[in-house]
Amino acid sequence: MADSFALADGAQLRRIAAIDIGTNSTHLLVATVNTSLRTFRIDQAEKSTTRLGERDPETGELSEAAMQRGYETLRRFMDLAASHQVEQVVTAATSAVREAPNGRQYLQRIKDDLGIEVDLVSGPEEARLIYLGVLSGMSFGDRPHLLLDIGGGSTELILADGRDARALTSTRVGAVRLQRDFVKDDPIPPQRRAFLKAFIQGSLEPAVDKVHRRIKPGEIPVLVATSGTAMAIGALAASEEERPPMRMHGYRISRQRLDRVVEKLVGMTPEQRRQLGAINDRRAEIIVPGALILQTTMQMLGVDELVLSERALREGLIVDWMLRHGFLEDRFSFQSSIRQRTVIHQVQRFAVNQRRAERVATHALTLYDNTYGVMHHDTGAGRDLLWAAAMLHACGQHINLSAYHKHSWYLIRHGELLGYSEAEHLMVAAIARYHRRSLPKKRHESWQAIGTREHRRLVGEMALLLRLSAAIDRRPEPVVSQLAVMASPGKVQLDLIPERRNQNLSLEQWSLESCRDVVRDASGVKLIVTVQG
């Protein structure tokens with residue numbers, strides 16, 4: 001992988017690749033980020049129909065054939081990314097891998113054999129990335145937008161404006177899933193078609209209700225459709241025009257025209273659909289269920305027109321990388337703080353004492369910044385996870401004070417942390433889980449959920465820092481104004497600086513000293529605690 005390269009005006013160009021592992025297809029995007037203009041251009045886009053959604057009907061597991069197709073595609077994509085000298089490959093795996101019982105084992109195999117660490121994203125996180133991708137290629141102006149992404153295994157419906165996403169929903173209904181579960185005869189008989197539309201409507205109802213509740217009086221949202229299904233239907237609609245558009249991005253389709261296209265597709269055999277120049281062979285097999293999702297959603301939302309967007313999740317991965325590296329401002333500025341905002345949202349949701357949580361987080365980051373090479377060996381990724389865990393470590397008290405660290409793990413694990421990958425989400429929960437009582441044990445569910453040795457090492461180190469930080473905060477009001485840390489090989493000295501002169505900090509000193517044995521057993525470090533003055 002290559003370093004960034006500079007331009008004459010001082011700007012840097014950073015080349016990044018994004019891989020989207022979907023239910024029907026796997027996509028590669030190679031992009032060049034201009035750090036001065038704070039934008040990116042797409043250099044190459046590749047797609048392979050890997051059909052991960054064709055899972056074992058009995059067990060729901062990814063089939064060996066599908067995993068092999070995906071594996072070979074990823075190997076080719078990594079070779080192609082390397083030929084472009086990208087500095088980083090960002091990834092996302094969605095519903096097919098997310099739902100399969102052997103999905104995580106498959107991702108581990110990819111990491112072991114190909115060296116790719118794939119982020120397994122949740123439904124709401126998938127929706128957020130789609131929002132970022134669409135926003136990067138379309139001006140929202142002052143109007144709210146409804147974003148619809150019909151995938152192979154799930155459908156994301158998002159209500160957003162240029163500042164933020166108001167509602168992020170993901171429903172387990174997709175083109176491949178419906179084809180597999182419901183389409184036995186093709187063309188679909190009228191009665192079966194009516195049943196399928198009723199099923200789609202019932203599945204999407206909670207998502208549609210959610211976005212309807214968040215549309216303000218007087219607002220008329222714009223419906224934006226993205227994904228292969230929407231693009232294929234757009235191409236079919238455009239083929240009827242005397243002068244079809246050069247590209248589909250921004251192309252508008254009325255509900256009447258959509259209904260005509262859907263009626264035409266539903267009456268065709270798969271072979272007849274394959275003869276249509278606008279869709280490929282695989283799309284011809286699954287386009288009818290996808291088209292019915294699009295048609296039904298449009299009817300439920302009560303909109304008369306949709307706009308197509310060529311940008312979606314894979315472009316969202318590039319935007320998210322730019323946000324994390326501080327290369328985006330203006331209309332993306334609110335999204336740049338998505339991690340902090342989603343954590344604070346959970347703090348408020350579980351009635352955590354925010355002032356105390358912030359004190360613990362401050363002490364934790366002080367320890368992190370001053371003990372590198374002694375108590376931890378993390379080069380930066382763990383700092384954000386430690387902060388999140390520190391802010392949420394006491395959320396389990398919302399359920400019960402007894403063994404609240406275990407309740408904290410459960411609440412964080414099953415809560416919504418936007419901006420964090422599945423692996424990061426699990427690590428935040430585990431760091432909070434192990435900030436008190438016993439060290440991690442192999443039998444613990446929270447430990448088994450951490451997939452790799454590197455992640456377990458990081459969790460262990462960050463949890464130890466959080467344990468010390470929480471030990472300082474024993475009273476409702478702050479008594480320690482500052483923590484002075486002196487670290488040397490095999491030894492860490494903590495000097496507690498009181499809020500007021502001659503303040504008694506014997507409770508805090510005792511609390512920290514009670515962590516000595518755990519610190520020594522976990523890290524081999526001798527802990528010394530002193531009080532200034």
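Guide: Helix 15 passes helix 16 in a right-handed crossing, where right-handed means the near helix is turned clockwise from the far one by less than a right angle. Helices (H or I, at least four residues) and strands (E, at least two) are DSSP runs, numbered from the N terminus. The model is predicted, with local features needing pLDDT of at least 70, side-chain atom pairs counting only at pLDDT 80 or more, and totals for chains, interfaces and linings using all residues. Residues are numbered from 1 along each chain as its sequence is written, and side-chain values use heavy atoms, leaving out hydrogens and water.

Visitor: At what angle do helix 15 and helix 16 pack?

Guide: About 165 degrees, with the axes 8 Å apart; axes are lines fitted to C-alpha atoms over the stretch in contact, and angles run from 0 to 180 degrees between N-to-C directions. Helix 15 and helix 16 are therefore roughly antiparallel, a label for angles over 145 degrees.

Visitor: OK, new topic: is strand 6 buried or exposed?

Guide: Strand 6, residues 145-150, has 6 of its 6 residues buried, meaning under 20% relative accessible area (1.4 Å probe, protein chains only). His145, Leu147 and Asp149 point one way, while Leu146, Leu148 and Ile150 point the other.

Visitor: And which strand does the hairpin join to strand 6?

Guide: Strand 7, through 4 residues. Strands 6 and 7 pair antiparallel over 6 bridges; pairing takes at least two DSSP bridges. Ile150 sits opposite Thr155 there.

Visitor: How many bridges join strand 6 to strand 9?

Guide: 5, and those two run parallel. Leu148 is opposite Ala225 of strand 9.

Methods:
Buried means under 20% relative accessible area, exposed over 50%, partly exposed in between (1.4 Å probe, protein chains only). Angles under 35 degrees count as roughly parallel, over 145 as roughly antiparallel, 65 to 115 as roughly perpendicular and the rest as oblique.
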